[in-house]
Amino acid sequence: MALRSRIVGTGRGIPPRRLTNADLEKMVDTSDAWITERTGIRERRVLDPSLATSDLATEAALAACKAAGVEPSTVDCIIVGTVTGDVPFPATATYVQRKMGAAAGGAAFDVSAACAGFLYGLSVADGFIVRGQFKRVMVIGVEILSRIIDWTDRNTCVLFGDGAGAALLTAEPEGMRGVLSTHLFADGTFTDLLHQPCGGTRAPLTPELIAARQQYVKMNGREVFKHAVRNMAAASKTALDTNGLTSTDVNWVFAHQANLRIIEGVAERVGISLDRFFLNIERYGNTSSASLPIALDEAVEGGKLKAGDILLLTALGGGLAWASAAVRW
Ligand SMILES: CC(C)(COP(=O)(O)OP(=O)(O)OC[C@H]1O[C@@H](n2cnc3c(N)ncnc32)[C@H](O)[C@@H]1OP(=O)(O)O)[C@@H](O)C(=O)NCCC(=O)NCCS
């Protein structure tokens with residue numbers, strides 16, 4: 001029997017510590033007015049230094065299991081989208097597997113696609129389920145960006161935040177509900193628009209590089225902005241066309257929460273009014289791969305999604321890597 005993957009539970013891990021725009025005014029030459037007008041962000045969360053990425057990811061994953069009524073020990077595959085793992089290796093997913101008590105001997109690995117990490121993970125999970133390789137796949141988007149941000153660089157430090165979100169997918173007989181399609185894209189021409197230049201094999205960290213603050217995120221914001229609007233809109237249209245849908249069929253759009261103005265640009269290009277976009281950017285800033293699953297979980301919790309609703313998801317980030325998905329809830 002043909003199988004379809006369906007999201008049966010969502011969860012999130014949100015660090016309690018808030019960092020407001022007013023707090024940032026005391027750290028760099030910026031203002032609440034500038035940040036709010038240019039980005040829509042009012043505050044973001046910062047994880048306690050005693051905790052690591054897998055701790056927050058595990059919180060989200062356990063919440064997703066609970067929401068689904070599924071025993072963590074029966075989850076046979078864990079995919080973590082992150083660029084801020086606990087350690088360079090092994091995969092953060094292996095720590096999550098142990099901490100959440102998932103099935104030892106199942107699969108656990110990370111996906112590196114920056115802000116598109118959750119949708120890349122969702123696409124891999126969907127493929128596994130459709131061909132019957134795994135039955136219960138936990139897809140997590142998690143970032144502790146506060147650890148790789150230059151807190152003296154106003155061009156980047158005002159934008160990002162920490163967080164985790166998770167979605168549990170199970171195999172269902174092919175029916176109306178579930179993941180309808182996923183589309184993944186990348187263009188390595190633009191690797192240098194948004195990256196962490198040093199600390200890998202190309203430029204291992206040295207005292208000189210650390211003094212030059214090359215271990216931190218560097219970004220050409222203006223260029224990334226243009227690509228984000230154009231590519232998320234195009235990927236969204238591809239998702240709709242593939243499924244014979246039009247913009248009027250979409251109940252909710254989950255677009256990567258990077259900048260409210262980017263989301264407004266996508267809304268205009270795809271022809272879907274902004275009130276059908278789920279927004280939480282003002283409370284969390286850009287949490288990269290965690291942005292979409294956190295938004296999804298908040299929408300579920302708020303009772304916004306009805307069975308049969310058409311959801312459109314899209315994200316773009318470093319790589320550049322971008323993606324879209326269509327889901328019948
Ligand atoms: C970063 C971003 C908010 C900047 O907004 P913008 O409208 O493009 O602003 P600009 O880059 O044109 O900068 C305008 C001015 O504000 C200044 N500025 C930058 N950051 C600032 C801050 N935090 N506070 C105050 N001023 C700031 C710049 O130095 C520049 O000054 P100048 O004109 O004297 O050189 C916007 O480009 C953006 O969101 N890009 C996408 C970033 C992103 O989402 N990346 C991740 C994608 S996954």
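Is Asp309 buried or exposed? Here are my notes on this predicted model, starting with that residue.

1. Asp309 is buried, because its relative accessible area is 5% and the cut-off for buried is under 20%. You'll find Asp309 in the loop between helix H11 (291–301) and S12. Leaving out residues up to four places away in sequence, Asp309 touches Asn251, Trp252, Lys304, Val327, Arg328 and Trp329.

2. Next, the ligand site. The ligand is surrounded by 24 residues, with Thr30, Arg38, Gly221, Arg222 and Asn259 the closest. By class, that shell has 11 nonpolar, eight polar and five charged residues. H8 gives the largest share, four residues, while helix H2 (32–39), helix H6 (154–157), H8, H9 and S12 each supply at least two.

3. A few ligand contacts to look at on screen. In the side chain of Arg222, an N or O atom is 2.6 Å from an oxygen atom of the ligand. Asn259 has a polar side-chain atom 2.6 Å from an oxygen atom of the ligand. With Arg154 it is a backbone N or O atom, 2.9 Å from a nitrogen atom of the ligand. On its own the ligand has 960 Å² of accessible area, and the protein covers 76% of that.

4. Helix H8 (residues 221–242) passes a simple length check: at 1.5 Å a residue its 22 residues should span 32 Å, and the end C-alpha atoms are 31 Å apart, which agrees. Its buried residues include Val224, His227, Ala228, Asn231, Ala235 and Leu240. The buried residues of H8 pack against helix H9 (260–270) and several strands, among them S8 (178–186), S12 (310–317) and S13 (321–328). After H8 comes Gly244, with a positive phi near 65 degrees.

5. Most residues other than glycine have a negative phi, and most peptide bonds are trans. The bond from Phe89 to Pro90 is cis, with omega near 5 degrees, and Pro90 sits in the loop between strand S4 (77–81) and helix H4 (92–100). The bond from Gly319 to Leu320 is cis too, with omega near -15 degrees; Leu320 lies in the loop between S12 and S13.

6. Two non-glycine residues with positive phi are also worth a look. Arg213 has a phi of about 60 degrees, lies in the loop between helix H7 (207–211) and S10, and is partly exposed at 31% relative accessible area. Ser288 has a phi near 50 degrees, lies in the loop between helix H10 (281–284) and H11, and counts as buried at 4% relative accessibility.

Conventions: Residues are numbered from 1 along each chain as its sequence is written. This is a predicted model: local features need pLDDT of at least 70, side-chain atom pairs count only at pLDDT 80 or more; totals for chains, interfaces and linings use all residues. Side-chain values use heavy atoms; hydrogens and water are left out. The expected span of a helix is 1.5 Å times one less than its number of residues. Buried means under 20% relative accessible area, exposed over 50%, partly exposed in between (1.4 Å probe, protein chains only). Contact means heavy atoms within 4.5 Å. A residue is near a molecule or strand if one of its heavy atoms lies within 4 Å of it. A polar contact is a pair of N or O atoms within 3.5 Å; within protein, one must be able to donate a hydrogen and the other to accept it, and residues adjacent in sequence count only if both atoms are side-chain atoms. Accessible areas come from the Shrake-Rupley method with a 1.4 Å probe; for residues, only the protein chains shown count as cover. Ala, Val, Leu, Ile, Met, Phe, Trp, Tyr, Cys and Pro count as nonpolar, Asp, Glu, Lys and Arg as charged, and the others, Gly among them, as polar.
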